[in-house]
Amino acid sequence: MLIKLNQNAGNEVLGLLIARLTSLGLHPCVSSDGTHTIVGIEKELSKEAMKEISSIGGIHEMLPFSTPWKLCSRAFKKEKTQITVKGVTIGGPEVIMMAGPCAIESEEQLRSIAKQLAKARVKVFRASAYKPRTSPYSFQGMGVEGLRLHKLVQQEHGMLIDTEVMDVRDVEVVAEHVDIVRIGARNMQNFNLLKEVGRCGKPVILKRGMSATVEEWLMSAEYIMAHGNHQVILCERGIRTFENSTRSTLDLSSVAVARQLTHLPIIVDPSHAAGRNDIIPALCKASVAIGADGLLVEVHHTPDTAKCDGKQSLLPHELAQLVLELDAIARAMGRSL
Ligand code: PEP
Ligand code: MN
């Protein structure tokens, strides 16, 4: 159940409400939809409890839900959420192109790729300073120095920047440096991390875990929202199946299914699903056709020597060509790119 407070309800009402709900053995979470404070609880209240809670005053409405996800549901908000950062709107009519290298490797690398992507209608320049690697012996990312370079190079090209955060201890510094914070597939159910990005004040790209159901994915979005941050962008990036011709299996059904269930923007990362660059254009086209709000694509200027994920990276000029082809599909879908 969600309890929406009156716009003028003060902290005193909120405090009384939280104390009462807690005494009932509930775990209320407080957030805001921009106009009203919202208190979320897991279950519906009994008639008596509702009556008693109402007597506190300051309550606008109490909304029951048939699903465990509430704030991110279509039942809570019918119209699609649009997230605008520095003039770029994700979830609006425009399909947003996000691209860049898997990892930040050097200033020269970032500069060389960014220069070409900025000319190719890319709106968000992705690059990671913290890398979740399967092997402890692999390159782990440049850390804070990488964040600094990402921001430094941004001043030359003006695209928004996004990066992955893996650790609760890094959320503050990551949020300070980038426009959009990204939770990777391996951390989709790192609940402490989800709570922390719920408090970070920056939009969050939430990747679907590689073995997560759509419902679990939505519940992770709910975590971030329930802890104060309603600016969540879902990202389908492929799931584990028996198929081994690709690294993961891009589950485009999940985009169509999630679209029915949630008002949040949904983007697709075909790169980590495919694990190979030759089918990225086809997967991007299918993603735009199924209604994705954006694409997250890995691009490297020298993929053969990339520190990670070179095999699935497009060259900058290939991405530029792909954008032109996607434009026609976006238009056919009544959108732009
Ligand atoms: C990435 O985007 O670089 C990444 C590690 O992706 P995922 O979490 O989807 O594997
Ligand atoms: Mn990668």
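**Salt bridges and a domain contact in a predicted model**

I begin with R331 and D327, whose side chains form a salt bridge with an N to O distance of 2.8 Å, where a salt bridge is a side-chain nitrogen of Lys or Arg within 4 Å of a carboxyl oxygen of Asp or Glu. This is a predicted model, in which local features need pLDDT of at least 70 and side-chain atom pairs count only at pLDDT 80 or more, while totals for chains, interfaces and linings use all residues. Residues are numbered from 1 along each chain as its sequence is written, chains are lettered from A and ligands numbered from 1 in the order in which they are written, and side-chain values use heavy atoms, with hydrogens and water left out.

R331 and D327 are separated by about one helical turn, because they lie 4 residues apart in helix α11 (residues 316-332); helices (H or I, at least four residues) and strands (E, at least two) are DSSP runs, numbered from the N terminus. R331 counts as exposed at 57% relative accessibility, whereas D327, at 10%, counts as buried, the classes being buried under 20% relative accessible area, exposed over 50% and partly exposed in between (1.4 Å probe, protein chains only).

By this rule the count comes to 24 salt bridges. Another of them joins E52 to R20, with the closest N and O atoms 2.2 Å apart; E52 lies in helix α2 (residues 47-54) and R20 in helix α1 (residues 11-23), so the pair ties together parts that are 32 residues apart in sequence. Both ends are partly exposed, E52 at 34% and R20 at 26%.

Let me turn to the domains. The protein chain is divided into domain 1 (2-63) and domain 2 (83-332), with bounds that come from an automatic or database domain assignment, and their centres, taken over C-alpha atoms, are 35 Å apart. The contact, meaning heavy atoms within 4.5 Å, takes 6 residues from domain 1 and 5 residues from domain 2.

How much area do domain 1 and domain 2 bury between them? The value is about 350 Å², 57% of it on carbon and sulfur atoms, where buried area is the accessible area (1.4 Å probe) that two parts lose on being put together, summed over both. On the side of domain 1, C29, S31 and S32 lose the most area to domain 2, together 75% of what that side buries. Between domain 1 and domain 2 the count is 0 salt bridges.
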